[in-house]
Amino acid sequence: MSLSLSAERREPPAEAADGAWLECIECGDTFAPFDAVRYTCDDCDGLLEVRYTDLPSFDDFSGDGVWRYNTALPLESGVTIQEGSTPLYRVPRLEEDVGVEALRIKHEGMNPTGSFKDRGMTVGVAVARELGVDRLACASTGNTSAALAAYGSRAGMQTLVLLPAGKVAAGKVAQASLHGARILEVDGNFDACLDIVQDLAARGEAYLLNSLNPFRLEGQKTIGLEILEACLDDYDAVPDRIVLPVGNAGNTAALYKAFRELVQSGALALEDVPKLTGVQAEGAAPMVEAVENDADEVRRWDEVETRATAIRIGNPVNAPKALPGIRETGGTAVSVTDEEITDAQRDLAGEGIGVEPASAASLAGLRKLRAEGVVESDERVVCLTTGHLLKDPDAAAAAGNDPEPVPAETEGVLEHLQR
Ligand SMILES: *Cc1c(COP(=O)(O)O)cnc(C)c1O
Ligand SMILES: [Zn+2]
């Protein structure tokens, strides 16, 4: 079994319920979607995907936000705080400066808790409710915990989050805390947190809402659907390329799945599928390594470091879903330095778009690939910015201008300004 944009559609299996089922991407085994808690394949432990009896086309969509796309989702409605419908900004100066035909910024920091994780949680927490579980849990570099805490509290459910001690930006911890999550600070990195929370979930202690959970990726597909609809409105074509930061590669997998379903429904031509282009920080770049070596598997990095804490991940769990997406769309993966990330964060801020460091990796990666000639000047590109500036106030303050002390009277202020 392998994922492919042009794969034959299979007949719905006996386990299909309400038009959806779960299917193992490795061995093809199928499971009923809501009969039991299950994150991976019972037989081979492979990753699961939600599959549908009917696939969406653009005419099916109506309304706003993530649930505009409910015909492409496993439920008709979810636990919502009005997520999705985020802006796609034009940035003419950056477009000119980077040197591409068209550049747009899809700012996922404009979601209710300030990151795209809300799109996954509105679906994932609704499925948890459907399954009748009472405690939700995740490991997180920060944003997943903020989103889980908010959506969990909205649904009236308990939430437990495991964070790598000292490696989560202040805004994110504050959110998880105020929204009432129990926060466990683990003396280890994100990958260690995920190992533990997977063990807890396997022992029935909590329902896992990391992006290993296939339902979360369904919600995140809507980023791709929104981008395509907005570009069709804007310049009457889908973009040639989408550039995005990569941590666990959930978004890469989700966008690929959105495109696959549109190709299979006939709504998107195979040759029009945007090239998925992943960006990682140099200090945490196992996906880039796999793409560069044309490897089938990603090697786990035990030591990872970057200022972009949201993508400080050494073992991207969704790699088996994301690598085929990067390859088959003709995309690539590239790593950037922390300095390049901070420069890109300032560039975006200069256009009025405030993002956290990981988000700016997309623009930094685009610049690098454009300079190398991998991205061509006639391309129409969308960069995904995944989280809001206020998530990481320390990084923003360090990248920006320093406050200047002045006396508390106008003459003194004028004198200072003239200096
Ligand atoms: C979670 C997150 C990422 C990484 O996304 P993946 O889907 O795990 O690759 C990137 N940026 C921000 C701000 C995030 O919160
Ligand atoms: Zn399997």
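Visitor: How are the donor residues of the zinc ion (ligand 2) spaced in sequence?

Guide: In this predicted model, the spacing of the donors is C-x2-C-x13-C-x2-C.

Visitor: Which atoms coordinate the zinc ion (ligand 2), and what makes them donors?

Guide: The SG atoms of Cys-24, Cys-27, Cys-41 and Cys-44 coordinate the ion at 2.3 to 2.4 Å.

Visitor: Why is the arrangement around the zinc ion (ligand 2) called tetrahedral?

Guide: Its four donor atoms subtend angles of 96 to 121°. Tetrahedral requires all angles between 85 and 135 degrees, so the term applies here.

Visitor: Now to ligand 1. What makes the approach of Gly-247 a polar contact?

Guide: A polar backbone atom of Gly-247 is 2.8 Å from an oxygen atom of ligand 1. The limit is 3.5 Å between N or O atoms, so the pair qualifies.

Visitor: How much of ligand 1 does the protein bury?

Guide: The protein buries 96% of the 390 Å² that ligand 1 exposes when taken alone. Ligand 1 sits in the largest cavity.

Visitor: Which residues surround ligand 1?

Guide: There are 15, and the closest are Lys-117, Asn-143, Gly-247, Asn-248 and Thr-386. By class, the shell holds six nonpolar, seven polar and two charged residues.

Notes: Residues are numbered from 1 along each chain as its sequence is written. Chains are lettered from A and ligands numbered from 1 in the order in which they are written. This is a predicted model: local features need pLDDT of at least 70, side-chain atom pairs count only at pLDDT 80 or more; totals for chains, interfaces and linings use all residues. Side-chain values use heavy atoms; hydrogens and water are left out. A residue is near a molecule or strand if one of its heavy atoms lies within 4 Å of it. A polar contact is a pair of N or O atoms within 3.5 Å; within protein, one must be able to donate a hydrogen and the other to accept it, and residues adjacent in sequence count only if both atoms are side-chain atoms. Accessible areas come from the Shrake-Rupley method with a 1.4 Å probe; for residues, only the protein chains shown count as cover. On a 1 Å grid over the protein atoms alone, a cavity is a set of points where a 1.4 Å probe fits but cannot get out, and a pocket is an open set with protein on both sides within 12 Å along at least five of seven lines; lining residues have an atom within 4 Å of a point. A molecule sits in a cavity or pocket if more than half of its atoms lie within 2 Å of its grid points. Ala, Val, Leu, Ile, Met, Phe, Trp, Tyr, Cys and Pro count as nonpolar, Asp, Glu, Lys and Arg as charged, and the others, Gly among them, as polar. Donors are N, O and S atoms within 2.8 Å of the metal (3.2 Å for Na, K and Ca); water is not among the atoms, so sites may look incomplete. Four donors count as tetrahedral if all angles lie between 85 and 135 degrees; four count as square planar and six as octahedral if opposite donors are over 155 degrees apart and all others between 65 and 115; anything else is irregular.
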